[in-house]
Each structure stands twice: as C-alpha cells, then as structure tokens.
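Dear colleague,

Please find below the structure for your review.

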Amino acid sequence: MDYTLSIDEPVCPGTLYVVATPIGNLGDITARAVHILNNVDCIAAEDTRHSARLLAHLGIRTSLTALHEHNERERSSVIVQWLGEGRSVALISDAGTPLISDPGYPLVSAVVAAGLPVIAVPGATALVAALSVSGLPTDRFVFEGFLPPRSGPRRQRLQALARLDLTRVFYEAPHRLVASLADMVEILGGERRASVARELTKRHETLYYGSLGELHRQFAAPGAERRGEFVICVGGAGSPPGDRVEIETDALLAGLLAALPLRQAVDTAAHLSGLRRNALYQRALELSGAGGSE
Ligand code: SAM
C-alpha cells in the first residue's frame with residue numbers, strides 16, 4: 001500500500017472538494033477534512049446553521065453558502081462559475097458523505113461536465129459503517145437509500161429486489177421503521193438474516209441481529225426503542241437462514257387452515273409471524289379458494 005500523508009496539501013484553485021463529515025461522533029472528522037475546510041474559499045453546506053455549529057467546534061471560519069435540495073440546481077451553476085474563476089469550494093452535507101442520500105449530485109455532475117476538477121475527501125458514511133458490522137456478506141451489496149414512504153410503492157421496490165442474491169442496505173426514518181420491516185417480511189420473507197444499526201457512532205449506538213421476522217417483532221413490540229437514526233441491512237436471496245427456523249408464510253397458513261376456522265387461522269398466523277393481519281387474511285382467502293387469484 002502506497003500511503004500519502006498530505007493533510008497539509010495545498011488547496012487547488014478552481015477545485016470542488018467533496019468532504020465527508022461525522023455521522024454522530026465528532027472524532028470521526030479526518031485531519032485532512034479539517035485542513036481542506038479551513039483552506040477553501042467557500043463551503044457549500046446543506047444547512048448552514050447546522051454546519052456552522054460543526055465548523056465552530058472545529059475552529060473553522062471559512063464562509064458558508066447554502067446548497068440544499070430546493071436550490072441545488074440554480075446554486076450549482078453559480079458554484080461552477082466560481083470554480084471557473086479559480087475559487088476553491090468544499091461541499092459538505094449535514095452528516096456523513098455528501099450525495100449519499102444527501103444533496104450534491106447536480107453540482108458534482110455539473111462540475112464534471114464542465115471539465116473542472118473534483119476531489120473526494122472521504123470519511124464517515126452510515127451505509128458502509130452499518131454494512132461493515134452487519135454480519136452479512138459484503139462482497140456484493142446494493143444500497144437502496146430510503147424506500148418510498150407509502151406502502152404500495154415501497155412494496156413494489158422491495159419486489160424488484162426480492163430475487164437478488166446480494167445484501168441490501170436501506171436508510172429508514174424512525175417513524176417508518178416498523179412499517180418498512182413489515183413490508184420486508186412480507187416481500188422478502190421473514191426468515192432472511194438481517195441487522196438494524198441504530199445511532200451508529202453515538203452514545204446510544206445499538207446493533208440488532210436476527211431474522212427479518214424477529215427484528216420486526218422486536219421493533220413492533222410495545223415499548224420498543226424506535227428513536228434515532230437507523231440503517232437496515234438484509235441478506236440476499238441465497239443467504240443462509242438465521243439461527244431461528246421460520247416457517248414459510250404459505251406453509252404456516254395452510255397448516256393452520258387445515259385445523260382451524262379461517263379467522264382463527266389468520267389470527268394465529270399473525271401472532272406467530274408478526275405479519276399484518278390484513279395481508280394474511282387475503283392470502284388465507286386465496287389459499288382456501290375463497291379469494292381472488294394472485
Ligand atoms: N449522507 C449520510 C451518510 O453518508 O450516511 C446519510 C444522510 S441521510 C439524509 C440520513 C440517514 O442516514 C438516516 O435517516 C439514517 O438512515 C442514516 N444515518 C445517518 N447517520 C446515522 C447514524 N449515526 N446511525 C444510523 N443511521 C444513520
């Protein structure tokens with residue numbers, strides 16, 4: 001490995017630096033990031049008030065300009081013009097690596113299209129941190145960012161991923177965690193190995209491991225801790241099952257339907273699987289020949 005120690009590198013005129021900042025623990029800022037942020041002409045930040053606090057903590061007094069999802073297209077052309085005039089600019093987001101479920105793509109693509117230099121100053125990103133401790137295969141993975149907020153489009157997206165034999169990484173908002181896990185159980189199967197990383201690098205950092213079904217039950221339970229920031233990692237179609245052996249939903253329903261009235265079978269299946277009663281009811285109707293076709 002040929003390492004270069006260049007934390008005092010001269011900042012190049014006319015260059016855009018894409019700088020990662022911490023995802024919680026301020027100790028994760030790199031020495032090189034501090035150097036670049038100190039020495040560029042201007043920092044483009046997603047939320048200038050939020051970033052001003054980070055910069056104050058680091059003793060950085062470089063001027064800030066706002067670049068967020070509502071102004072990034074028009075702001076990008078201004079920044080490209082500044083770069084063309086020889087000014088140096090650093091791009092940061094509220095946390096982690098810019099462009100990773102954060103603003104910056106229009107700017108970087110415009111800078112590349114203009115033939116101007118872009119330099120990465122890498123550091124924290126929740127997706128890699130979560131994947132690296134997920135216990136799931138990391139040789140091939142797909143990063144899905146945030147799933148659609150509404151269940152219908154979310155399930156469609158999950159359906160498109162269902163057969164891929166690679167690890168999936170999702171960001172999720174706390175108020176949608178349980179609903180997303182429920183859809184994952186239904187579409188990907190409750191037996192898939194998975195992990196949930198909560199509040200990575202922060203005081204309340206917690207890692208949860210298990211099958212999707214187990215994790216859904218855990219977070220859906222009354223009193224479960226659902227505050228904070230979350231990354232969900234889910235094993236591929238061919239990943240070995242977790243320790244707990246789970247019965248396929250259809251087999252479970254069919255077995256229960258053979259012994260119990262439909263409503264009772266559905267209630268029992270919902271209790272055992274943690275899946276939503278409505279979906280199980282519909283499937284039970286189909287299996288018993290009383291519902292519409294698939
Ligand atoms: N650019 C950031 C990155 O590089 O990870 C991601 C920004 S995105 C707007 C915010 C989402 O990232 C959160 O909702 C959560 O899913 C994930 N995230 C960010 N920080 C996290 C942390 N400390 N622990 C767990 N997840 C985190």
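For the helix pairs, an axis is a line fitted to the C-alpha atoms of a helix over the stretch in contact, and angles run from 0 to 180 degrees between N-to-C directions. Please note that the model is a predicted one.

I begin with helix H7 and its two partners. The axes of H7 and helix H8 (residues 212-220) come within 9 Å of each other, and they cross at roughly 155 degrees. Angles over 145 degrees count as roughly antiparallel, which means that H7 is roughly antiparallel to H8. In this pair, H7 passes H8 in a left-handed crossing.

H7 (residues 177-188) also packs with helix H6 (residues 151-161), here at an angle of about 45 degrees and with the axes 10 Å apart. H6 is therefore oblique to H7, and the crossing of H6 past H7 is right-handed.

A further pair is formed by helix H9 (residues 249-259) and helix H11 (residues 277-287), whose axes lie 10 Å apart at an angle of about 65 degrees. The range from 65 to 115 degrees counts as roughly perpendicular, so H9 is roughly perpendicular to H11. H9 and H11 cross in a right-handed manner.

I turn now to the second largest pocket, which holds about 450 Å³ of space. Its lining comprises 21 residues, and those nearest the pocket centre are Ala95, Ala126, Phe146, Tyr171 and Glu229. Sorted by class, the lining has 12 nonpolar, 5 charged and 4 polar residues. Strand E7 (167-172) contributes at least two of the lining residues, as does strand E10 (230-234).

With kind regards

Note on methods. Residues are numbered from 1 along each chain as its sequence is written. This is a predicted model: local features need pLDDT of at least 70, side-chain atom pairs count only at pLDDT 80 or more; totals for chains, interfaces and linings use all residues. Side-chain values use heavy atoms; hydrogens and water are left out. On a 1 Å grid over the protein atoms alone, a cavity is a set of points where a 1.4 Å probe fits but cannot get out, and a pocket is an open set with protein on both sides within 12 Å along at least five of seven lines; lining residues have an atom within 4 Å of a point. Grid points are joined across faces, edges and corners, and a volume is the space filled by probe spheres set on the points. Helices (H or I, at least four residues) and strands (E, at least two) are DSSP runs, numbered from the N terminus. Ala, Val, Leu, Ile, Met, Phe, Trp, Tyr, Cys and Pro count as nonpolar, Asp, Glu, Lys and Arg as charged, and the others, Gly among them, as polar. Angles under 35 degrees count as roughly parallel, over 145 as roughly antiparallel, 65 to 115 as roughly perpendicular and the rest as oblique. A crossing is left-handed if the near helix is turned anticlockwise from the far one by less than a right angle, and right-handed if clockwise.
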